[in-house]
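Try each task before reading its solution.

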Amino acid sequence: MKSAYELAMERLQKDAPTVALTPEQKEAIAEVESATKARIAEQELFLGEQAAKARAAGNAEELASLEKQLASEIRRIREAGEAKKEKIRAGQAG
């Protein structure tokens, strides 16, 4: 008799079969992840410096704007990275 977990895994496999990635795809995905992390760190440094200056100057309005901008940039960078990884998984050059 199969456990509920085993039955659920079988149903999941039927609905969305697992796709094995080639070594080249794995490497390309790792490169995209690395580039995404680097771009996020770059934005955090750049906008973080500006936010620190605004905080030191007591400019709450500018600080809030910079924090909002940073969150938006991080979200945009992550979405672009995920889109690139999906193209790689689909077997397309990206």
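**Exercise 1. A residue in a loop**

Is Asn59 buried, partly exposed or exposed, and what is its relative accessible area?

Solution. Keep in mind throughout that this is a predicted model. Start with the location: Asn59 sits in the loop that lies between helix 2 and helix 3. Next, take its relative accessible area, which is 31%. Buried would require a value under 20% and exposed a value over 50%, so Asn59 is partly exposed. For a sense of distance, compare Asn59 with Glu86: they are 27 residues apart in sequence, and their C-alpha atoms are 41 Å apart in space.

**Exercise 2. Two helices, end to end**

Find how far helix 2 reaches from its first C-alpha to its last, and do likewise for helix 3.

Solution. Begin with helix 2, which runs over residues 23-57 and has 35 residues. Its reach is 51 Å, close to the expected 51 Å at 1.5 Å a residue. With 30 residues, helix 3 reaches 43 Å, close to the 44 Å expected. Finally, look just past each helix. Gly58 follows helix 2 and has a positive phi, near 75 degrees. Just after helix 3 comes Gly91, with a positive phi of about 90 degrees.

**Exercise 3. How the helices pack**

Work out how helix 2 and helix 3 are oriented to each other.

Solution. Two packed helices are described by the angle between their axes and by the distance between those axes. Here the axes of helix 2 and helix 3 come within 10 Å and cross at roughly 175 degrees. Angles over 145 degrees count as roughly antiparallel, and helix 2 and helix 3 are therefore roughly antiparallel to each other. As for the make-up of the contact of helix 2 with helix 3, its residues divide into 13 nonpolar, six polar and 12 charged.

**Exercise 4. The buried residues**

**Exercise 5. The nonpolar core**

Which residues make up the largest nonpolar core?

Solution. In soluble globular proteins, nonpolar side chains tend to be buried together. The largest nonpolar core in this model has five residues: Leu47, Ala51, Ala54, Leu63 and Leu66. Helix 2 and helix 3 each supply at least two residues of this core, and the largest share, three residues, comes from helix 2. Beyond its neighbours within four places in sequence, Ala54 is in contact with Asn59, Glu62, Leu63 and Leu66.

**Exercise 6. Gln43 and Lys85**

What are the relative accessible areas of Gln43 and Lys85, and which residues do they contact?

Solution. Take Gln43 of helix 2 to begin with. Its relative accessible area is 16%, so Gln43 is buried. Leaving aside neighbours within four places in sequence, Gln43 is in contact with Gly48, Leu70, Glu73 and Ile77. Move on to Lys85, in helix 3. Lys85 has a relative accessible area of 9%, so it is buried too. With neighbours within four places again left aside, Lys85 is in contact with Ile29, Val32 and Glu33.

**Exercise 7. Sequence against space**

How far apart are the C-alpha atoms of Ala30 and Lys85, and those of Ser34 and Met1?

Solution. Ala30 belongs to helix 2 and is partly exposed, with a relative accessible area of 41%. Ala30 and Lys85 are 55 residues apart along the chain, with 9.0 Å between their C-alpha atoms. Ser34 is also in helix 2, and it is partly exposed at 47% relative accessible area. From Ser34 to Met1 there are 33 residues in sequence and 44 Å in space, C-alpha to C-alpha.

How values were computed. Residues numbered from 1 in each chain as written. Predicted model: local features only at pLDDT ≥ 70, side-chain atom pairs only at ≥ 80, totals over all residues. Heavy atoms only, no water. Helix = DSSP H or I, 4+ residues; strand = E, 2+ residues; numbered from the N terminus. Expected span 1.5 Å × (residues − 1). Buried < 20%, exposed > 50% of the residue type's maximum accessible area, 1.4 Å probe, protein only. Contact = heavy atoms within 4.5 Å. Core = buried A, V, L, I, M, F, W, Y, C linked by side-chain atoms within 4.5 Å. Axes fitted to C-alpha atoms, helices over the stretch in contact; angles between N-to-C directions. Parallel < 35°, antiparallel > 145°, perpendicular 65-115°, else oblique. Nonpolar A, V, L, I, M, F, W, Y, C, P; charged D, E, K, R; others polar.
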